[in-house]
Number of protein chains: 2
Amino acid sequence: MSDRIEAQIAFLREADQLKSVLRASRLIDLSRFENSAEHSWHVMLYALVLADQAGPEVDISRVLKMLLIHDIVEIDAGDSPIHGQVDSAAQEAAEQAAADRLFGLLPDDQNDDFRALWDEFEAGETPDARFAKAIDRVQTPVANLASGGGSWRDYDVTLKKLDQRVGQPISRGAPGLWHWLRPKLQSFFSS
Amino acid sequence: MSDRIEAQIAFLREADQLKSVLRASRLIDLSRFENSAEHSWHVMLYALVLADQAGPEVDISRVLKMLLIHDIVEIDAGDSPIHGQVDSAAQEAAEQAAADRLFGLLPDDQNDDFRALWDEFEAGETPDARFAKAIDRVQTPVANLASGGGSWRDYDVTLKKLDQRVGQPISRGAPGLWHWLRPKLQSFFSS
């Protein structure tokens with residue numbers, strides 16, 4: 001049992017580094033860039049509060065667990081901004097290697113469980129994963145609207161780009177939320 | 001429905017400020033102080049990974065929800081370091097007022113649900129709340145052990161103080177974890 005706890009704590013210690021992975025997005029008060037640990041907390045809060053935007057087939061408790069671990073691979077692989085230029089194949093390989101190493105710190109049964117949950121999130125095909133991905137995409141636009149543009153300005157983001165990279169996953173997993181958000185984006189980008 | 005989303009998003013926007021509430025504890029690499037949003041993420045990860053330290057009567061999904069919202073009141077009331085000097089009555093009043101204002105941004109049904117969950121955590125009497133409180137207390141000692149003392153040095157913390165302020169809640173909610181941690185603390189403080 002002691003070996004089991006040692007392995008679990010080794011993983012939890014390693015996870016501390018997610019607090020030092022910076023995203024392209026800023027806090028609403030524009031004081032600094034957001035890190036992936038606090039982002040993970042915030043999207044979980046989004047999922048819980050906006051649970052009524054999920055279909056009846058979605059299990060919010062599983063969604064919360066997915067979002068809790070969804071960015072841990074960034075400790076090794078870094079964050080790839082959705083509006084930046086990324087070599088997708090290289091990023092995918094780096095994230096797979098990161099998942100091997102990081103979840104591999106856990107006891108075998110938990111390595112299997114966490115990896116399966118992360119794989120499901122990444123694939124984005126199940127109702128839970130689709131809702132989780134929608135929620136993961138909605139937090140930054142809400143922050144950018146509140147701060148007068150935020151990271152959109154850094155990346156010369158247009159409404160057309162947002163429709164593709166943000167609108168598609170949100171409307172797929174939480175259509176009511178996209179219905180609410182889209183007119184606000186249109187209004188922002190036409191002003 | 002649109003009014004409901006507006007209220008939910010207003011709460012979620014306000015919650016962004018938890019990322020700017022600094023705790024007395026530091027990251028393991030000692031690069032900076034930890035904030036309460038990333039701390040909330042990390043203790044949820046502790047709860048999920050260490051779920052086998054909870055009794056069979058504990059519902060880990062409820063524990064995750066408790067930990068997700070447990071520090072939101074700090075947006076108004078601030079963080080009170082467990083080893084610092086605090087006027088408990090004033091802090092308690094500030095946190096109650098913060099809960100009124102912050103959860104009060106949500107639609108009424110969610111205000112009731114979130115407040116009940118936070119009240120349950122604060123009271124610390126149910127099995128779920130006891131486990132959540134134990135987990136909330138274990139993350140900083142693990143970080144301080146890993147960083148050679150961390151915030152213990154700032155507050156002249158002794159083993160006796162830790163036994164009271166950390167040992168009691170941990171042994172109450174997750175006795176196996178305290179059984180694992182206590183010898184490590186003893187070894188640290190006697191070296």
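Reader: Is the crossing where α6(B) passes α7(B) left-handed or right-handed?

Author: A crossing is called left-handed if the near helix is turned anticlockwise from the far one by less than a right angle, and right-handed if clockwise. Here α6(B) passes α7(B) in a right-handed crossing. Keep in mind that this is a predicted model, where local features need pLDDT of at least 70 and side-chain atom pairs count only at pLDDT 80 or more, while totals for chains, interfaces and linings use all residues. Residues are numbered from 1 along each chain as its sequence is written, chains are lettered from A and ligands numbered from 1 in the order in which they are written, and side-chain values use heavy atoms, with hydrogens and water left out.

Reader: At what angle do the axes of α6 and α7 of chain B cross?

Author: Helices (H or I, at least four residues) and strands (E, at least two) are DSSP runs, numbered from the N terminus. Axes are lines fitted to C-alpha atoms, for helices over the stretch in contact, with angles from 0 to 180 degrees between N-to-C directions. For α6 (residues 108–123) and α7 (residues 127–146) of chain B, the axes come within 8 Å and cross at roughly 70°. That makes α6(B) roughly perpendicular to α7(B) (under 35 degrees is roughly parallel, over 145 roughly antiparallel, 65 to 115 roughly perpendicular, the rest oblique).

Reader: Which residues of α6(B) and α7(B) make the contact?

Author: Contact means heavy atoms within 4.5 Å. B:E120, B:F121 and B:E122 of α6(B) meet B:D128, B:A129, B:A132, B:K133 and B:D136 of α7(B). By class, that's 3 nonpolar, no polar and 5 charged residues (Ala, Val, Leu, Ile, Met, Phe, Trp, Tyr, Cys and Pro count as nonpolar, Asp, Glu, Lys and Arg as charged, the others, Gly among them, as polar).

Reader: And how does α7(B) pack with α10(B)?

Author: Their axes lie 11 Å apart at an angle of about 35°, and α7(B) passes α10(B) in a left-handed crossing. Among the contact residues are B:I135 and B:V138 of α7(B), plus B:W180 and B:F188 of α10(B). The tally is 10 nonpolar, no polar and 1 charged.

Reader: Where does a helix of chain A come up against α1(B)?

Author: Look at α10 (residues 175–189) of chain A: its axis and that of α1 (residues 2–15) of chain B come within 11 Å, crossing at roughly 80°. The two are therefore roughly perpendicular to each other. A:G176, A:L177, A:W180 and A:K184 touch B:S2, B:I5, B:E6 and B:I9, dividing into 4 nonpolar, 2 polar and 2 charged.
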